[in-house]
Amino acid sequence: MPWIYLLLAGVFEIGFALGLKYSEGFSRPLPSVITVVMAGISLWLLTQALRTIPVGTGYAVWTGIGAIGVAIAGMLLFGDSTSWPRLLCIALIVSGVIGLKLVS
């Protein structure tokens with residue numbers, strides 16, 4: 001169950017980061033509220049996962065899921081670069097997250 005919490009925390013981390021873009025510096029009320037709620041849920045789920053998962057592993061996986069998700073969302077939603085070096089770096093993050101799961 002802790003790994004499910006961690007995965008969900010990462011998904012809400014993606015929502016939080018994207019919400020920062022849509023809230024336009026917290027100047028738009030609804031996206032701002034959604035962003036804060038996403039951040040709160042993400043942190044709560046992370047704390048639940050860290051009851052069992054070592055903090056270094058949990059935090060690295062959480063930020064990795066967030067980084068991967070936001071990078072992909074940026075490509076799909078905002079036209080961010082899809083160059084091969086960028087995709088290679090994302091693949092390295094994915095392999096690191098998988099590796100941390102396998103050795104934990």
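User: Which elements make up the secondary structure of the protein, and in what order do they run?

Analyst: The predicted model contains zero strands. Its secondary structure comes to four helices. Read from the N terminus, the order of elements is α-α-α-α.

User: What percentage of the residues count as buried?

Analyst: The C-alpha atoms fill a box of roughly 40 × 35 × 15 Å along the principal axes. The protein has 104 residues. Of these, the share that counts as buried is 34%.

User: Are helix 1 and helix 2 roughly parallel or roughly antiparallel?

Analyst: The axes of helix 1 and helix 2 come within 7 Å and cross at roughly 160 degrees. Angles over 145 degrees count as roughly antiparallel. Helix 1 is therefore, relative to helix 2, roughly antiparallel.

User: Is the crossing of helix 1 and helix 2 left-handed or right-handed?

Analyst: Residues of helix 1 that meet helix 2 include Y5, F12, F16 and Y22. The crossing in which helix 1 passes helix 2 is left-handed.

User: Is the pair of Y5 and W44 stacked, tilted or edge-to-face?

Analyst: A search of the whole structure finds three aromatic pairs. For Y5 and W44, the ring centres are 6.3 Å apart and the planes stand at 75 degrees. Planes over 60 degrees apart meet the criterion for this class, so the pair of Y5 and W44 is edge-to-face.

User: How many residues apart are Y5 and W44?

Analyst: Y5 belongs to helix 1, residues 2-22, and W44 to helix 2, residues 29-49. The pair thus links distant parts of the chain, at a separation of 39 residues.

User: Is W44 buried, partly exposed or exposed?

Analyst: The relative accessibility of W44 is 49%. The exposed class requires over 50%, and the buried class under 20%. W44 therefore counts as partly exposed.

User: Which helices are linked by the aromatic pair of Y22 and F78?

Analyst: The rings of Y22 and F78 lie 5.7 Å apart centre to centre, with 50 degrees between the planes, and the pair is tilted. Y22 and F78 are 56 residues apart in the chain. The helices linked are helix 1, which holds Y22, and helix 3, residues 55-78, which holds F78.

User: Which residue lies over the face of F78?

Analyst: F78 is partly exposed, with a relative accessible area of 33%. At 5.4 Å from the ring centre of F78, the residue over the face is K21.

Technical notes. Residues are numbered from 1 along each chain as its sequence is written. This is a predicted model: local features need pLDDT of at least 70, side-chain atom pairs count only at pLDDT 80 or more; totals for chains, interfaces and linings use all residues. Side-chain values use heavy atoms; hydrogens and water are left out. Rings of Phe, Tyr and Trp (its six-membered ring) pair if their centres lie within 6.5 Å; planes under 30 degrees apart count as stacked, over 60 as edge-to-face and the rest as tilted. Helices (H or I, at least four residues) and strands (E, at least two) are DSSP runs, numbered from the N terminus. Buried means under 20% relative accessible area, exposed over 50%, partly exposed in between (1.4 Å probe, protein chains only). A charge sits over a ring if NZ of Lys or CZ of Arg is within 6 Å of the ring centre and within 35 degrees of the ring normal. Axes are lines fitted to C-alpha atoms, for helices over the stretch in contact, and angles run from 0 to 180 degrees between N-to-C directions. Angles under 35 degrees count as roughly parallel, over 145 as roughly antiparallel, 65 to 115 as roughly perpendicular and the rest as oblique. A crossing is left-handed if the near helix is turned anticlockwise from the far one by less than a right angle, and right-handed if clockwise. Contact means heavy atoms within 4.5 Å.
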